[in-house]
Amino acid sequence: MDIKSFLYPKNEVSYLMTSSNMKEALDKLEASQYTAIPILDEDGKYFGTLSEGDLLWKLKATPGLGFDTMHEIPVISIKKRLKIECVEIGADLDDMLALAADQNFVPVVNADRVFLGIIRRKDIIEYYTRNIAD
């Protein structure tokens with residue numbers, strides 16, 4: 001078993017670009033029903049993760065900011081409360097499992113930090129539940 005076995009590929013994952021704004025982030029989170037979403041730069045490299053909480057704290061901390069002005073706020077200007085670590089596709093499974101213990105998902109990148117997809121903690125738990133029960 002390796003990291004590739006758990007990969008939920010990029011083409012099936014909602015993500016934002018560093019050029020996205022707060023309104024786009026809110027819309028993508030709502031449409032995907034995610035509570036957090038990866039951010040990629042223009043080269044497709046993993047930049048970080050934005051959470052619903054990050055959006056709420058930004059809204060609270062910015063006087064005059066409302067739903068009608070969210071399009072003016074770039075996602076890269078929003079403080080990220082949690083640092084979601086990524087794992088390289090060729091890393092040991094134990095490295096990924098250590099991150100998954102503290103994160104709902106683990107972003108997966110190649111050696112150049114290009115985003116390949118995510119590993120969802122839910123999928124790991126389901127796999128081990130099925131295989132440990134046998």
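Tutor: Two strands pair if DSSP finds at least two bridges between them. Helices (H or I, at least four residues) and strands (E, at least two) are DSSP runs, numbered from the N terminus. This is a predicted model, in which local features need pLDDT of at least 70 and side-chain atom pairs count only at pLDDT 80 or more, while totals for chains, interfaces and linings use all residues. Residues are numbered from 1 along each chain as its sequence is written, and side-chain values use heavy atoms, with hydrogens and water left out.

Student: How many bridges join strand β3 to β4?

Tutor: Strands of a sheet pair through backbone hydrogen bonds, either parallel or antiparallel. Strand β3 covers residues 36-40 and runs antiparallel to β4. Across this pair, Ile37 stands opposite Leu50 in β4. The number of bridges joining β3 to β4 is 5.

Student: What pattern does the protein chain follow along the sequence?

Tutor: The secondary structure comes to 4 helices and 7 strands. Read along the sequence, the pattern is β-β-α-β-β-α-β-α-β-β-α.

Student: Is Ser20 buried or exposed?

Tutor: Ser20 is found in the loop between β2 and α1 (22-32). Leaving aside neighbours within four places in sequence, Ser20 is in contact (heavy atoms within 4.5 Å) with Pro74 and Val75. Buried means under 20% relative accessible area, exposed over 50%, and partly exposed in between, with a 1.4 Å probe and protein chains only. Because its relative accessible area is 10%, Ser20 is buried.

Student: What is the relative accessible area of Gln33, and where does Gln33 lie?

Tutor: Gln33 lies in the loop between α1 and β3. Phi of Gln33 is near 60 degrees, a positive value in a residue other than glycine. Most residues other than glycine have a negative phi. Gln33 counts as exposed, because its relative accessible area is 71%.

Student: Which class of accessibility does Arg113 count as?

Tutor: The place of Arg113 is in the loop between β6 (105-109) and β7 (115-120). Arg113 is not a glycine, yet has a positive phi of about 70 degrees. Its relative accessibility is 39%, so Arg113 counts as partly exposed.

Student: What share of the 134 residues of the protein chain count as buried?

Tutor: The C-alpha atoms fill a box of roughly 55 × 30 × 20 Å, taken along the principal axes. Of the 134 residues in the protein chain, the share that counts as buried is 38%.
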